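I opened the model to look up helix packing, strand pairing and a few backbone details. My notes follow in the order I checked things.

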Amino acid sequence: MAEFVSVEVADQIATIRLDRPKMNALDAQVQREIAEAARLVDGDPEVHAVVIYGGERVFAAGADIKEMAVMSYADMYAHSRALQDSLTVVARIGKPVIAAITGYALGGGCELALCADFRVAGESAKLGQPEIQLGIIPGAGGTQRLPRLIGPARAKDLIFSGRHVPAAEALAIGLVDRVVPDAEVYQAAREWAATFTGGPAIALRAAKLAVDRGMEVDLDSGLEIERLQFSGIFATEDAKAGMTAFTEKSTPEFTGR
């Protein structure tokens, strides 16, 4: 049993819940538990969508600075690989993932949110990469995923300054996708996740892979990734069900096969 990260499944939606008082600091143990939770929901055929949630008070305030402060270069060389890998497991979940952000999502917490496909934030939430204020830089994907999401200039603004970005600005620059009242964050994320349940799971996985991997390569390579995923889906029962239902003007029943 994990100590700080739990998984709850209801109505085909899995909630990965962080609960490490007081601020959900992402120490090595929490990182391992996040990766384990991500692998669990990714491999569960009953899970069609995922919500990552830190509770009503805070999403995650970042890495555990006390843990990192005593590390040498050699220590961090090894630890940084594990840190990146743990969040990459989240980014590679082959299902729609929504981060439900309350309070702070800073440093590693912001980097965890960047691994989701979508981000719902409360009105008083604040996001940012404040590592520069500690004399370091983001090390869990912030320098790579953030510019891919909001563009290099805006990413540099956040990374170079370390400032906390309020929810309204985060929405304006594309750092989050929706802003709702604080008390409604988790419910809003679940409602969004529910729109993906009962759908063609294999096609959703293929679409996510094509977009994410395509962003990492040149256009021609991306088009080849798309072509292979697109043609492969024609071997699925869901593709046959969907196209048959279209021609018959009926509602398709997808089985995830």
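**Aromatic pair.** I began with Y73 and Y77, which sit 4 residues apart in helix α3 and are therefore separated by about one helical turn. Helices here are DSSP runs of H or I with at least four residues, strands are E runs of at least two, and both are numbered from the N terminus. I looked up the ring geometry next. The rings of Y73 and Y77 form a tilted aromatic pair, 6.0 Å centre to centre with 45 degrees between the planes. (Rings of Phe, Tyr and Trp, the last by its six-membered ring, pair if their centres lie within 6.5 Å; planes under 30 degrees apart are stacked, over 60 edge-to-face, the rest tilted.) The structure holds 5 aromatic pairs.

**Ground rules.** I noted that this is a predicted model, where local features need pLDDT of at least 70 and side-chain atom pairs count only at pLDDT 80 or more, while totals for chains, interfaces and linings use all residues. Residues are numbered from 1 along each chain as its sequence is written, and side-chain values use heavy atoms, with hydrogens and water left out.

**α1 against α3.** I then took helix α1 (residues 28–43) and helix α3 (residues 73–91). They pack at about 30 degrees, with axes 8 Å apart. (Axes are lines fitted to C-alpha atoms, for helices over the stretch in contact; angles run from 0 to 180 degrees between N-to-C directions.) So α1 and α3 are roughly parallel to each other. (Under 35 degrees counts as roughly parallel, over 145 as roughly antiparallel, 65 to 115 as roughly perpendicular, the rest as oblique.) Which residues meet? From α1 I listed A28, Q31, I34, A35, A38 and R39; from α3, H79, A82, L83, S86, V89 and V90. (Contact means heavy atoms within 4.5 Å.) The residues of this contact divide into 8 nonpolar, 3 polar and 1 charged. (Ala, Val, Leu, Ile, Met, Phe, Trp, Tyr, Cys and Pro count as nonpolar; Asp, Glu, Lys and Arg as charged; the others, Gly among them, as polar.)

**α9 against α10.** Helix α9 (residues 201–214) packs on helix α10 (residues 219–232) at about 170 degrees, axes 9 Å apart. That makes α9 roughly antiparallel to α10. On the α9 side I found A206, L209, A210, R213 and G214; on the α10 side, G222, I225, E226 and Q229. This contact divides into 4 nonpolar, 3 polar and 2 charged residues.

**R145.** This residue lies in helix α5 (residues 142–150). I checked its partners, leaving out residues up to four places away in sequence: R145 touches T88, A91, L114, C115 and A140.

**Sheet.** I traced an open sheet of 3 strands in the order β5-β7-β8, with mixed pairing. (Two strands pair if DSSP finds at least two bridges between them.) Its edge strands are β5 (104–106) and β8 (165–166), each pairing on one side only. β5 runs parallel to β7 (residues 126–128), joined by 3 bridges. A105 stands opposite L127 in β7.

**Hairpin.** β1 and β2 pair antiparallel over 6 bridges. S6 stands opposite R17 in β2. The hairpin has 2 residues between its strands, and D11 in the turn has a positive phi of about 55 degrees. Q12, in the loop between β1 (5–10) and β2, has phi near 70 degrees, also positive in a non-glycine residue.

**Cis peptide.** Last, I found a cis bond joining P21 and K22, with omega about 0 degrees. K22 is in the loop between β2 (13–18) and α1.
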